[in-house]
Amino acid sequence: VYSCPDGQIFITPACLPCPSGYSCRQDVQEPCPPGTYSAGGLATCNPCGVGFYSSSGATVCSPTCAPGTHLVDGTQKCISCELGTYSTAPGLQTSCTACMPGKSTNTPGQTFVASCNPCPAGRASVGGTPCILCVTGTFSTGNAATCTTCAAGTSSNSG
């Protein structure tokens, strides 16, 4: 097995410079963690300077966090908006905007309010959270902030 020097990765048939946004050591390629960057060809990622920030896999540091991310308080790290949240513009916000109750996003890192979709039947969200499954004895018909308790003498399965 052929081993490349640090800062390079083996891609048949040769060692090539590590791609931008990654570090390469001992033939392992990893994305730069939040708060660091790489322009390529490096064994380790460089830290962002004071007042500059980055998300995972960054090729440069920025003076603000990108849409769909928020700043981790007290750090240089921008992380993806959590499920149930979004951010539309770059900035130094420490949290993302919550979706309205009864709605959530399907994936983290969303950049538009339109990414907030109604929770399906059998699930609910108070807003800013994933759509959670209604427990046995409760239900929702969809787009609900909370699950409703079944009427006396009736029941439901989970969801």
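Trainee: Which handedness does the disulfide of Cys4 and Cys15 have?

Mentor: This is a predicted model, in which local features need pLDDT of at least 70, side-chain atom pairs count only at pLDDT 80 or more, and totals for chains, interfaces and linings use all residues. Residues are numbered from 1 along each chain as its sequence is written, and side-chain values use heavy atoms, with hydrogens and water left out. A disulfide here is a pair of cysteine sulfur atoms within 2.5 Å, and Cys4 and Cys15 are joined with an S to S distance of 2.0 Å. The torsion about their S-S bond is about -95 degrees, so the disulfide is left-handed.

Trainee: How many residues apart in sequence are the parts that Cys4 and Cys15 tie together?

Mentor: Strands (E, at least two residues) and helices (H or I, at least four residues) are DSSP runs, numbered from the N terminus. Cys4 lies in the segment before strand S1 (8-11), whereas Cys15 belongs to strand S2 (residues 14-17), so the parts tied together are eleven residues apart in sequence.

Trainee: Is Cys4 buried or exposed?

Mentor: Buried means under 20% relative accessible area, exposed means over 50%, and partly exposed lies in between (1.4 Å probe, protein chains only). The relative accessibility of Cys4 is 6%, and Cys4 therefore counts as buried.

Trainee: Where in the chain do Cys99 and Cys116 lie?

Mentor: The torsion about the S-S bond of Cys99 and Cys116 is about -75 degrees, so this disulfide is left-handed. The pair links distant parts of the chain, 17 residues apart. Cys99 is in the loop between strand S10 (97-98) and strand S11 (103-104), and Cys116 is in the loop between S11 and strand S12 (117-118).

Trainee: What is the relative accessibility of Cys116, and what is that of Cys99?

Mentor: Both values fall in the buried class: Cys116 counts as buried at 8%. Cys99 also counts as buried, and its relative accessibility is 3%.

Trainee: Which class of accessibility describes Cys147?

Mentor: Cys147 is linked to Cys134 with -85 degrees about the S-S bond, a left-handed link. Cys134 lies in the loop between strand S14 (132-133) and strand S15 (138-139), and Cys147 in the loop between S15 and strand S16 (148-149), so the pair ties together parts 13 residues apart in sequence. Cys134 counts as buried at 0% relative accessibility. Cys147, with a relative accessible area of 25%, is partly exposed.

Trainee: What is the distance from Cys150 to the nearest cysteine sulfur?

Mentor: Cys150 is buried, with a relative accessible area of 15%. Cys150 is in no disulfide; the nearest cysteine sulfur belongs to Cys134, and its distance is 9.1 Å.

Trainee: Which residue does a cis peptide bond join to Thr12?

Mentor: The omega of this cis peptide bond is about 15 degrees.

Trainee: What is phi of Gln26, and what is phi of Asp27?

Mentor: Gln26 lies in the loop between strand S3 (22-25) and strand S4 (28-31), and Asp27 is in the loop between S3 and S4 as well. Gln26 is exposed at 68% relative accessible area, while Asp27 is partly exposed at 25%. Neither is a glycine, yet phi is positive: near 50 degrees for Gln26 and about 60 degrees for Asp27.

Trainee: Why is the protein chain described as more spread out than a compact globule, and what is its radius of gyration?

Mentor: The protein chain has zero helices and 16 strands. The globule rule (2.2 Å times the number of residues to the power 0.38, with the radius taken over C-alpha atoms) is the reference. That rule gives 15 Å for 159 residues, and the chain is more spread out than a compact globule because its radius of gyration is well over this, at 22 Å.

Trainee: What percentage of the residues in the protein chain is buried?

Mentor: The C-alpha atoms fill a box of roughly 70 × 40 × 25 Å, taken along the principal axes. Of the 159 residues in the protein chain, the buried ones make up 32%.
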